[in-house]
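Reader: Please take a close look at one residue in this protein. Then set that residue in the context of the whole chain.

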Amino acid sequence: MALGTSVGSFQRMKLQNKSNILNMIRLQGPVSRVEMANLTGLTPPTVTNIVAELLESNLVVESELGESTGGRKPIMLRLNATGFYVLGVYAGISKVKAVSASLDGTIRQRAVLRIPKDPSAEKFVGLVKNALRQVMEETGANKDKYLGIGVGMHGLVDTEQGISIFAPNLKLHDIPLKALLEEEFNLPVEMENDVRALALAESWFGQGQGIANFICINIASGLGAGIVLDHKLYEGSSFTAGEIGHTTIDIDGPQCTCGNHGCLEALAAGPAIAQRARNRIRQGQSSLLKAWTHANLEAITAKMVHEAAEQGDELAIGVLADTGRYLGIGIANLLNTLNPSRIILTGGVSRAGQFVLEPLKETVARRALEAPARAVSIVTSQMGEDASAIGAFTLVLRRIFTPLGVNEL
Ligand SMILES: [Zn+2]
């Protein structure tokens, strides 16, 4: 061991070995001690010591005997996945959703509470606590079976202090949610921006599994991205990495909620799609949308534009094709900058399928440099309605299994 190796780095190494072993049992179990020593390069006594600690904590259990390679059959180890629970809370624009899940990521219970318009901070925190209490009650497990709470919160989040710095759609500032929930539930709490939590969910359970460099783009009423580089969620130096919704696509474009003009969000998020449809109808183009809303154009939503496109409505098809082209420009910029091997599209707009996806891919092929364009696959998320809540509890799984941030053996 080199001179100057600190106790800190020794403890860090021990922690890393322990989480590597635990993560290997999670991903590859049932697995024997000998196999783990071979796979990790750790000595058999080190593996035996770590496994003894894990058995004592009951996170790992001995299971059936494995195949013998000549001597006596080895004892296999597996994760005690159903012996413990993690809790996840997705705090979005209009609702708080809490879930409990076993350690393999299977959701056990859900509770959803609506957020009233312009809530006070107290009211909002009360809803989060109530949703968690409700889901814990329905799960029915002893308090000591919960390993932590993860919160995915929209807006700007200080992940180190666990503070919601700014939640624009609730108009709330500086809520120390981590401290408040830790005090209430006496459990460790992790916090992250909701879109970055989505990227984490894709990394553990979705189409980002095993992929070192990918970007998850959420296109809904807002537009943002979670960036995974070298198997780690990239936060940036002040927690704003991934705000691609506010990169400029058209300097003369419509005004964005951030005050600038022609941001990607102002061109490709749900409200922008609805607005472009309204504008074209006002310019005299015909569309099913006019009849559907009895000419009350303000009632048009992005979802309705998609439905009209499916009926063959040319205006709607054109609006979605433009959306795809704007997204294609934004994604081409990302490919040239970060060279990811996958882009995962999530959120309501990503459900518009080929109407958006085809023009998007054509634009990427035309505008990105050839090498990064060839290296990437662009897919839509398959995770469904619970994705944000899954991302939230995966924050807890990450702390338990990969505290140093790497979900890859
Ligand atoms: Zn903007």
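Author: Helices (H or I, at least four residues) and strands (E, at least two) are DSSP runs, numbered from the N terminus. Phe 239 lies in the loop between strand S14 (232-233) and helix H7 (264-268). Residues are numbered from 1 along each chain as its sequence is written, and side-chain values use heavy atoms, with hydrogens and water left out. The model is predicted: local features need pLDDT of at least 70, side-chain atom pairs count only at pLDDT 80 or more, and totals for chains, interfaces and linings use all residues.

Phe 239 has a relative accessible area of 14%. It therefore counts as buried (under 20% relative accessible area; exposed is over 50%, partly exposed in between; 1.4 Å probe, protein chains only).

What does Phe 239 touch, leaving aside residues up to four places away in sequence? Its partners are Leu 156, Val 157, Asp 158, Thr 159, Glu 160 and Arg 196. Contact here means heavy atoms within 4.5 Å. Thr 159 is 80 residues from Phe 239 along the chain. Their C-alpha atoms are separated by 7.4 Å.

Now the whole chain. The protein has 14 helices and 16 strands. Buried residues make up 51% of its 409 residues. Take the contacts between residues at least 6 apart in sequence: 61% join residues at least 24 apart. The C-alpha trace spans about 80 × 50 × 45 Å along its principal axes.
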